[in-house]
Amino acid sequence: MKKLGFGLMRMPVLDKTNAADVDIEQVKKMVDLFMEKGFTYFDTALMYNAFASEGVAKTALVDRYPRDSFTLATKLHAGFFNSLEERDKIFQSQLEKTGAGYFDYYLLHGIESSMLPKYEKFDCFNWLLEKKAQGLVKHAGFSYHDSAKLLDEILTKHPEMEFVQLQINYLDWESEWVQSRACYEVAVKHGKPVIVMEPVKGGTLARVPEAAEKLFKDHDADMSVPSWAIRFAASLDHVMVVLSGMSNIGQMEDNISYMENFRPLTDEEISLCYKAADIINGQIAIPCTGCSYCTEGCPKKIAIPQYFSLYNEDMREHLEEKGWTVNFTNYDILAEKFGRANDCIGCGQCERVCPQHLPIIQNLKEVSAHFDH
């Protein structure tokens, strides 16, 4: 299997305020190019693109290609079931929405300390093995957002899990919270192949500070900035596939250009990634990846990832010179459809599901202080 996977999470949309309004025709072109170049791995999930992703997978992929020509992965998220029956109902609905007949890879989604008891309570690990025995799942595993210590405990208790999906990128490699390196090493210790998510950290590593970009361009002017992030993750020996949430065909063309005949980074190039991480960490205000898990249950419908992105952009601007940026206008445009940052009631729903463990309530106060005046 080639090491690049198509993450159906940040697909192109026709209406930027509606993640479910997917540009199906562009996605079809992206799928066709991906398959033409010999890439076969597609990753979706129940809630991606505002619950539209699995249906898009059917329309753009499953209905148009022989079932044995591609690999499809999807997931069960603990936030959407509260009984054994609901657990099975979700799985059945996923089979129907995708039309896939079976899933090549099926994951318990986003395991962390707060969600693990629910997966254990409803016997989801054994349930997943039952689906495998029935031929409805080919490979059983889970995606993970927590400490290396807990990952070690889970893999020790559940050696039957065949793979693990981890957030790995050069910015989070030594992160105290994400623990990319430490979690990767645990997976290797247990002999589990790794699928990488968030290699570009929600676009953060596609738009790096000028000093970091210069490091990369001075070394190789022909390689794009995001290529360094994808190749960093793909260079790890035990990584099976690197998922990229490609949002337009241009991003796909760039990814394919260096992943079709992939060459691992040299030690010198890996060192450049670490240097770039130091520069980026010195400038990023809120390390949000834009996964949008926080928005689905927000009672005030606050566009949290979008506001954080605008805030991060403004923090990189020279505001003392400009005084105003277009981000203020973009904030007001979003606020016409969504709640403003200062509408937050501090319920904590968002913080409970955030894979990055961000202090979202406090961050929203900072965003509000910046934009709401």
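Me: Buried means under 20% relative accessible area. What percentage of the 373 residues in the protein chain is buried?

Reply: Buried residues make up 53% of the 373. Keep in mind that this is a predicted model.

Me: How many helices and strands does the chain have?

Reply: There are 17 helices and eight strands.

Me: What does the C-alpha trace span along its principal axes?

Reply: The trace spans about 65 × 50 × 45 Å.

Me: Now the strands. What do they build?

Reply: Eight strands form a closed barrel. The order is 1-2-3-4-5-6-7-8, and the pairing is parallel. From one strand to the next, the twist averages 30 degrees.

Me: Show me one pair. How many bridges join strand 6 and strand 7?

Reply: Four bridges, in the parallel sense. Strand 6 covers residues 163–167, and strand 7 covers residues 194–197.

Me: Which residue in strand 7 stands opposite V164?

Reply: V194 does.

Me: Which strands does helix 4 lie across?

Reply: Helix 4, residues 84–98, lies across strand 3, strand 4 and strand 5. It runs at about 135 degrees to strand 4.

Me: New topic. How many salt bridges does the structure hold?

Reply: It holds 20 salt bridges. One of them joins D104 and R67. Their closest N and O atoms are 2.9 Å apart.

Me: Where do D104 and R67 sit in the chain?

Reply: D104 is in strand 4. R67 is in the loop between helix 3 and strand 3. They are 37 residues apart, and the pair links distant parts of the chain.

Me: Why do both count as buried?

Reply: The cut-off is under 20% relative accessible area. D104 counts as buried because its relative accessibility is 10%. R67 counts as buried because its relative accessibility is 17%.

Me: What about K214 and D218: buried or exposed?

Reply: Both are exposed. They form a salt bridge too, with the closest N and O atoms 2.7 Å apart. Both lie in helix 9, four residues apart, which is about one turn of the helix.

Me: Which residue forms a salt bridge with D332?

Reply: R340 does, with the closest N and O atoms 3.1 Å apart. D332 is partly exposed at 36% relative accessibility. R340 is partly exposed at 26%.

Me: Last one: where is E176?

Reply: E176 lies in the loop between strand 6 and helix 8. Its relative accessible area is 62%, so E176 is exposed.

Me: How far apart are E176 and S147 in space?

Reply: They are 8.8 Å apart, C-alpha to C-alpha. In sequence, E176 and S147 are 29 residues apart.

Me: And across the chain, what percentage of contacts with a separation of 6 or more comes from residues 24 or more positions apart?

Reply: Those residues account for 76% of such contacts.

Conventions. Residues numbered from 1 in each chain as written. Predicted model: local features only at pLDDT ≥ 70, side-chain atom pairs only at ≥ 80, totals over all residues. Heavy atoms only, no water. Pairing = 2+ DSSP bridges. Helix = DSSP H or I, 4+ residues; strand = E, 2+ residues; numbered from the N terminus. Axes fitted to C-alpha atoms, helices over the stretch in contact; angles between N-to-C directions. Contact = heavy atoms within 4.5 Å. Salt bridge = Lys/Arg side-chain N within 4 Å of Asp/Glu carboxyl O. Buried < 20%, exposed > 50% of the residue type's maximum accessible area, 1.4 Å probe, protein only.
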